[in-house]
Amino acid sequence: MPVINVEDLTDKDKAVMEVNQLKLEVKLERWLTSKCCEEIKDYIQAGVEEDTLVKGISEEKNPFKEKGGCVIC
């Protein structure tokens, strides 16, 4: 898809692009926010055992664990 510089377009071309975008958006299926939130919550809870952000990284698998202290003499 070629890059379009909007500043180079006429007002009519800009209006046509906007109408085409709105036609695409009106076809989108809309969901209630409450339904989406429930689905997201269920998805997160289903994967909580494998989620390192919730569970954390075990000391054995942590690649950033300090391997030893730095000794300055």
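1. A residue counts as buried when its relative accessible area is under 20%. By that cut-off, 0% of the 73 residues of this protein are buried. Keep in mind that the model is predicted.

2. Start with the secondary structure. The protein has 3 helices and 0 strands. Along the sequence, the pattern reads α-α-α. The chain is more spread out than a compact globule, because its radius of gyration is 26 Å, well over the 11 Å that the globule rule gives for 73 residues.

3. The overall dimensions come next. Taken along the principal axes, the C-alpha atoms fill a box of roughly 75 × 45 × 20 Å.

4. Now the surface. The protein exposes about 7700 Å². Carbon and sulfur atoms supply 60% of that area.

5. One nonpolar patch deserves a look. Ile-40, Tyr-43 and Ile-44 make this surface patch, which covers about 370 Å². Ile-44 sits in helix 2, which runs over residues 33-46.

6. Why can Ile-44 be part of such a patch? Patch residues need over 30% relative accessible area. Ile-44 has 46%, so it is partly exposed. With a value under 20% it would have counted as buried instead.

7. Last, the charges. The protein carries 11 positive and 16 negative charges. How far apart are the mean positions of the positive and negative charges? They are 3 Å apart.

Conventions. Residues are numbered from 1 along each chain as its sequence is written. This is a predicted model: local features need pLDDT of at least 70, side-chain atom pairs count only at pLDDT 80 or more; totals for chains, interfaces and linings use all residues. Side-chain values use heavy atoms; hydrogens and water are left out. Patches are made of residues with over 30% relative accessible area and no salt bridge: like charges are joined within 9 Å, nonpolar side chains (Val, Leu, Ile, Met, Phe, Trp, Tyr) within 5 Å. Accessible areas come from the Shrake-Rupley method with a 1.4 Å probe; for residues, only the protein chains shown count as cover. A salt bridge is a side-chain nitrogen of Lys or Arg within 4 Å of a carboxyl oxygen of Asp or Glu. Helices (H or I, at least four residues) and strands (E, at least two) are DSSP runs, numbered from the N terminus. Buried means under 20% relative accessible area, exposed over 50%, partly exposed in between (1.4 Å probe, protein chains only). The radius of gyration is taken over C-alpha atoms; the globule rule is 2.2 Å times the number of residues to the power 0.38. Lys and Arg count as positive and Asp and Glu as negative; His and the chain ends are not counted. The place of a charge is taken as NZ of Lys, CZ of Arg, CG of Asp or CD of Glu.
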